[in-house]
Amino acid sequence: MTCYKTVDGFKEFTQRVTASHFIVNKSLEDQASVWFEKSSGSFHNNLQFKEQESEEVVAEMPIRYLFEGMRSDGGISQLVAHGMLCFIYFAWEKKFRPALAEEAGVNVNNIKTDIIGDIRQLRHKIAHNLAYIDDKEAKSFKVLKWVAPGYLVLTSNDFKKIQLEINRMTVRID
């Protein structure tokens, strides 16, 4: 089996993205506690985000939603996880896959890998179906067989599973 520097570079890149996800998830949880204390422990207050110069309220959120969303693997963490997964796919398609094709001396369409195929499906569902996966689609994953029907929830452990598969990934060159 041939080893490619580009594949190794992609694995290192995704490890940094995955580590960032863990840091963000922990930071969200820690910050939620700080904001909860600032709200005097009341779930009835709202947190306001204001434009810096005009002080105009841009967005407002009840503290209880904020606190729930910022818990480990909560709703806000899900937005981050979904975004990071899409970013990983985009980086593969726009940077690493073309570089690998050049390194191997083949057309980019000849580069195949099952884990990226599964990530492509997840990205498509995130972007085009609010992360909803039906029964038939859930059965179509080649590597990420643990993906269940329903709304995609990517926990920290799920992100670890994805990263482990990327670490083990092999590419086929047709």
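1. L130 is exposed in this predicted model. Its relative accessibility is 71%. The cut-off for exposed is over 50%, so L130 falls in that class. The residue sits in the loop between α4 (114-128) and β4 (132-133). Its backbone deserves a look too: phi of L130 is near 50°, a positive value in a residue other than glycine.

2. D73 also has a positive phi, near 65°, and is likewise not a glycine. This residue belongs to the loop that links α2 (63-70) with α3 (75-104).

3. Next, the hairpin. Strand β1 covers residues 46-50 and strand β2 covers residues 57-62. They pair in the antiparallel sense, over five bridges. K50 faces V57 of β2 across the pairing.

4. Six residues lie between the strands of this hairpin. Within the hairpin, E55 takes a positive phi near 65°.

5. E51 is placed in the loop between β1 and β2.

6. How exposed is E51 in terms of relative accessibility? The value is 32%, so E51 counts as partly exposed. That class runs between the 20% limit for buried and the 50% limit for exposed. Patch members need over 30% relative accessible area, and E51 has 32%.

Key: Residues are numbered from 1 along each chain as its sequence is written. This is a predicted model: local features need pLDDT of at least 70, side-chain atom pairs count only at pLDDT 80 or more; totals for chains, interfaces and linings use all residues. Side-chain values use heavy atoms; hydrogens and water are left out. Two strands pair if DSSP finds at least two bridges between them. Helices (H or I, at least four residues) and strands (E, at least two) are DSSP runs, numbered from the N terminus. Buried means under 20% relative accessible area, exposed over 50%, partly exposed in between (1.4 Å probe, protein chains only).
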